[in-house]
Amino acid sequence: MTGADPITLEVMRNAFQSVAEEMGAALIRTALSPNIKDRRDCSTGVYSAGGELVAQAEHIPLHLGLMPSVVKSTLALFPVESLRPGDAIITNDPYVSGSHLPDICIISPLFVQGRCLGILANLAHHVDIGGIAPGGMPTTSTEIFQEGLRIPPIRIQKEGVVDQELMALLTTNVRTSREAKGDFQAQLAANNVGQRRLAEIIAKYGAETALFYMDELINYSERQMLSRLKELPKGVFSFEDFLEGDGLSDQLLPIKARVAIEEERIQVDFTGSAPQTKGSVNCTRAVTLACTFYALKSAIDPELPSTGGTFRSVEVITPPGSILNPLFPAPVSNANINTSQRIADVVLGALAKAMPDKVPAASSGSMGLFTIGGLDPRTGHYYSYVETYGGGQGAVHNQDGMDGVHTNMTNTRNTPVEVIEIAYPLRVERYGLVQDTDGPGRFRGGLGLTRELTVIDHSPVMSLGSDRLKLHPWGLLGGGEGGTVDSWVETPDGAREQLPSKTTREVGPGTRIVLRTAGGGGYGDPATRDPDLVARDVADGFISRARARREYRVALDPASGLVDQAGTKELRGNDPDPEVEG
């Protein structure tokens, strides 16, 4: 073909996107575990026969950013010339796939008249993968072998026939065999849907046209990114933040980003970040790339197509042996939960110095992982409940952050209370927002959330993987810090024990587990916030009357709850107020 028609390019872009979206819908609707069917902890994508990303569904940024690495690494071991129609390859090895062990990827080629014309792939978070703790994400692991079953790239389906011996091997080595088998079947079904829909596009437009526009869409994305780069302020911008330990130590671990913006290139250099750790917060290079690309795209232009060409102009430096590019066999299970979020934070923090109106204040800074599992006394079978809890979103230059929401590298839903209580021997005592966890500002940060559960009639093992217990999410341009995490357990006799941010431990029957996530940072001087908005937040129970006076300098009439304008002026002046000063 001689050249790309812009109208046809847009039609084809949406056609490929629809394939990925329908794959995701099929995976969610046919999965067995609540983590996939209710929380939607999965992602899907369409790739060229050479492994270049063509389109992806709007699922989880972490998955979507690292899946191209999975596909390319797998095709390096299984070249398309060695594949046959009906083959499907499975893998979860972090030192191939880049993710952690519960994230299992299945990759399927599409053959048309004996020719491979595309690759369909999906990645789903399984609720158990073996290892020393239910859920496969122990905070106490010191090597990858303790985190669960490693699956190298291997055919799970050969010429259309599922390898039942391999399926038996995989499902026998996890605690939740029934759910695992159902989720594997759902992943295969999702790729089948993708194959059918992509084949329909090829049949409608012709193979050469479809392949041409796959390549042209990738090249178009590269041109769009280069165009945006020309508009950005040029220079070098740096930022540093910290992880609060690796689960075995409380030592602060620096994550440093140096972002150099040039006319046709961006370099992100993580030199100076902590060396790889003994604990499980080591982040593979593939995850580091995903976080970097997410932060760049969200700040530079969220509407850029997500293809293999979008980040050709980006160079990322991750020194080998560092926390952002560990050497085998370092444990990695909790990096996706916390380290990934800190990478996004530092890249966004650096970009905020170049384009503050395009970057939010820091969000909650952790996916707030909670897993718990053991023998269900109702059935005698193993269960594994896995959930990541949302927190406060950082405010931006013109609006408040969202409350109790998944942010940055995560985009899952929550598990409904009814599902938890039906599927697991757990009772949900409370689920809601945490007052006064906002980062004060002209636009306030979002609130953290709380989930409180009681263990019923058994002694399970729980893992908590969080961060921002000591170091608050930062604000921007005078905005205040967001609130921190706060978690504890209460035994039936009323004894209360505060939990560290990262822990794996057994809990007894009747134990009440209280989990609270961090809020988001504020944007702009809190003293300039509209007093009526402060009054609304107090009326809604989001912030207390005392916080309104102390942080926002707003006095409310105790009787009516309306803004006391005279009091507000006084508080926002120079006169001290006893309650505020106290």
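The following legends describe close-up views of a predicted model. Local features require pLDDT of at least 70 and side-chain atom pairs pLDDT 80 or more, whereas totals for chains, interfaces and linings use all residues. Residues are numbered from 1 along each chain as its sequence is written, and side-chain values use heavy atoms, with hydrogens and water left out.

**View 1. Lining of the second largest pocket.** The second largest pocket has a volume of about 370 Å³. Of its 19 lining residues, Arg-178, Glu-179, Tyr-382, Tyr-383 and Ala-423 are the closest to the centre. A pocket is an open set of points on a 1 Å grid over the protein atoms alone, where a 1.4 Å probe fits, with protein on both sides within 12 Å along at least five of seven lines; lining residues have an atom within 4 Å of a point. Grid points are joined across faces, edges and corners, and the volume is the space filled by probe spheres set on them. At least two lining residues come from each of helix H2 (34-37), helix H6 (177-205) and strand S13 (382-388). Helices (H or I, at least four residues) and strands (E, at least two) are DSSP runs, numbered from the N terminus.

View 2. Thr-454 is buried, with a relative accessible area of 7% (buried means under 20%, exposed over 50%, partly exposed in between; 1.4 Å probe, protein chains only). Its side chain makes a polar contact of 2.7 Å with the side chain of Glu-429. A polar contact is a pair of N or O atoms within 3.5 Å; within protein, one must be able to donate a hydrogen and the other to accept it, and residues adjacent in sequence count only if both atoms are side-chain atoms. Not counting residues up to four places away in sequence, Thr-454 touches residues including Pro-425, Leu-426, Gly-510 and Arg-512 (heavy atoms within 4.5 Å).

View 3. Most residues other than glycine have a negative phi, and most peptide bonds are trans. The peptide bond from Phe-328 to Pro-329 is cis, with omega near 5°; Pro-329 belongs to the loop between strand S11 (314-317) and helix H9 (335-352). Glu-159, in the loop between strand S6 (154-158) and strand S7 (161-162), has a positive phi of about 50° and is exposed at 58% relative accessibility. Asn-408 has a positive phi near 55° and lies in the loop between S13 and helix H10 (417-423); at 12% relative accessibility, Asn-408 is buried.
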